Amino acid sequence: MKERYEYAKERYAAIGVDVEQAIDALAKFPISVHCWQGDDVIGFDGSKELSGGIQTTGNYIGRATTPEELMADLDRALSLIGGTHKLNLHASYAIGNTEGRDKVAPKHFEKWVEFAKERHMGLDFNPTMFAHPMVKDGLTLSSPDESVRRYWIEHCKACLRISEYFAAETGFPCVMNIWIPDGFKDIPASRYLPRKRFKESLDEILSVDYDKSKVYVTLESKVFGIGAESYTTGSAEFCLSYSAKNKITPLMDNGHYHPTEVVSDKISALLLFNEKLALHITRPVRWDSDHVVLFDDETREICREIVRCGALDRVFAATDYFDASINRIAAWVVGVRSVQKAMLYALLQPNGKLTELQDGGNMTELMVLQEELKAMPFGDVWDVFCERCGVPTGMQWLDEVKRYENEVLAKRGR
């Protein structure tokens with residue numbers, strides 16, 4: 001491996017890329033790993049199945065059904081992923097909350113804070129406004145029913161207090177992301193009024209005094225969902241406008257747009273007008289299907305845009321997918337390592353040279369160099385990154401996942 005790495009360093013140095021700098025930058029770039037891959041987005045507050053435009057398919061053995069099982073599975077996955085991590089929690093993963101989501105409190109997340117502190121990880125957070133009886137007619141913060149809106153407003157206020165608690169306890173800023181499933185299956189009579197109610201609900205939530213240096217509130221849009229095919233209250237235009245006006249952070253999920261749109265093209269525009277930007281990285285297959293992230297074109301291009309914009313310290317990156325048809329530990333490992341591969345690929349680009357060619361109008365050489373970069377010895381650098389992080393290279397990690405499946409997951413059943 002050493003000889004191959006030295007050769008790779010020479011090849012990259014010849015085009016002006018410092019491989020050691022790239023490895024160091026990747027090791028420090030935090031990726032917020034979503035907890036909900038391990039239990040099919042069920043949580044621990046009484047939900048039995050998904051609803052609200054979300055669907056998990058498959059019935060692979062070993063779904064986590066207790067906090068202890070989920071934490072053990074996360075540990076196994078994280079032991080196979082190098083670099084810097086955060087843990088992304090939904091409010092539905094509260095432990096011991098029997099009073100309702102509007103009463104969720106820091107005490108229900110003490111075990112998660114202990115888990116994170118022991119592993120020197122930060123925590124991110126999400127109000128859970130789906131799979132619940134108080135989602136009436138598919139609506140939450142935009143509902144015409146004041147009692148429904150009030151319930152979810154109080155839930156989000158409670159989540160703000162929990163997010164501050166996370167930041168204070170772990171020492172890392174907490175990203176608190178608001179997403180609602182609200183919308184209509186068929187053509188609505190009014191598009192304006194639900195969005196007006198949503199705006200008013202958000203205004204009240206954000207009237208809570210919180211430490212903006214410790215908690216970054218983000219707002220996530222969506223183009224449509226199951227049962228909300230004709231209209232989505234939290235559209236891209238609404239969420240981007242609201243975020244800009246109220247100085248919170250926009251969040252883009254690359255599965256939440258029309259299939260012909262790509263988030264990679266939007267990153268530079270938003271970075272020009274926002275201090276921070278948040279991303280949920282997923283893999284949509286024709287729609288927001290939340291497939292496991294791969295080292296594919298759009299994932300690479302998202303990471304290249306972050307690097308090209310010099311925004312490693314301005315972008316909050318999180319994974320967001322759930323697949324119950326395959327080994328859930330493997331899904332975590334493949335997805336997060338794919339994001340890291342894409343980020344390393346981006347860090348190994350001679351961006352200064354590429355921009356110089358573009359600004360000089362030398363589009364021929366630009367195209368040729370971009371194509372040559374695809375054949376550079378990227379894999380040898382990735383192996384060294386993994387080796388330095390103490391995690392397996394190649395497919396070696398899969399042996400550990402298979403062993404864990406045989407010894408632990410298989411005993412849980414389906």
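Buried here means under 20% relative accessible area, and exposed means over 50%. Keep those cut-offs in mind as we walk through this structure, which is a predicted model.

Let's start with helix α2, residues 19-28, where Val 19, Ala 22, Ile 23 and Leu 26 are buried. Looking down the axis of α2, you'd see these buried residues within an arc of 95 degrees, so they line one face of the helix. On the face turned away from that buried side, α2 carries the exposed residues Gln 21 and Lys 28. And what sits over the buried residues of α2? The cover includes α1 (2-13), α10 and α13 (378-389). There's also a cap at the N-terminal end of α2: a side-chain oxygen of Asp 18 lies 3.0 Å from the backbone nitrogen of Glu 20.

Now for helix α6, which has 14 residues, 192-205. From its first C-alpha to its last, α6 reaches 20 Å, close to the 20 Å expected at 1.5 Å a residue. Its buried residues are Pro 194, Arg 197, Phe 198, Ser 201, Leu 202 and Ile 205. Viewed down the axis of α6, they fall within an arc of 135 degrees, so they too line one face of the helix. Among the elements covering them are the helices α5 (146-170) and α7 (236-246), and the cover also includes the strands β4 (174-178), β5 (183-184), β6 (215-220) and β7 (231-232).

**Strands and their partners**

Next, the strands. Which way do the residues of β8 point? Thr 249, Leu 251 and Asp 253 go one way, while Pro 250 and Met 252 go the other, and all are buried.

| Strand pair | Sense | Bridges | Residues paired |
|---|---|---|---|
| β1 and β2 (84-90) | parallel | 5 | Pro 30 with Thr 84 |
| β1 and β10 (315-319) | parallel | 2 | Ile 31 with Ala 317 |
| β6 and β8 | parallel | 3 | Glu 220 with Leu 251 |

**The nonpolar core**

In soluble globular proteins, nonpolar side chains tend to be buried together. In this model, the largest nonpolar core holds 127 residues. Which of them touch the most other members? Those are Trp 112, Phe 125, Phe 166 and Leu 279. Helix α10, residues 328-347, supplies the largest share of this core, with 13 residues.

Let's zoom in on Phe 166. Setting aside its neighbours within four places in sequence, Phe 166 is in contact with Leu 89, Phe 109, Val 113, Leu 123, Asp 124, Phe 125, Gly 171 and Cys 174. One of those contacts, Phe 125, is also listed with Phe 166 among the residues touching the most other core members.

**A few loop residues worth a look**

Finally, some spots in the loops. Val 41 has a positive phi of about 65 degrees although it is not a glycine. You'll find Val 41 in the loop between β1 and α3 (67-78). Is Val 41 buried or exposed? With a relative accessible area of 5%, Val 41 is buried.

Asp 290 isn't a glycine either, and its phi is positive, at about 55 degrees. Asp 290 belongs to the loop between β9 and α9 (297-308). Its relative accessible area is 8%, so Asp 290 counts as buried.

Asn 274 sits in the loop between α8 (267-271) and β9 (277-281). Asn 274 is at 13% relative accessibility, so it counts as buried. Its side chain reaches the backbone oxygen of Leu 270 at 2.9 Å. Leaving aside its neighbours within four places in sequence, Asn 274 is in contact with Ile 248, Pro 250 and Arg 314. You've met Pro 250 already: it is one of the buried residues of β8.

Methods
Residues numbered from 1 in each chain as written. Predicted model: local features only at pLDDT ≥ 70, side-chain atom pairs only at ≥ 80, totals over all residues. Heavy atoms only, no water. Helix = DSSP H or I, 4+ residues; strand = E, 2+ residues; numbered from the N terminus. Buried < 20%, exposed > 50% of the residue type's maximum accessible area, 1.4 Å probe, protein only. Polar contact = N/O pair within 3.5 Å; in protein donor to acceptor, adjacent residues only side chain to side chain. Contact = heavy atoms within 4.5 Å. Expected span 1.5 Å × (residues − 1). Arc of directions from axis to C-beta. Core = buried A, V, L, I, M, F, W, Y, C linked by side-chain atoms within 4.5 Å. Pairing = 2+ DSSP bridges.
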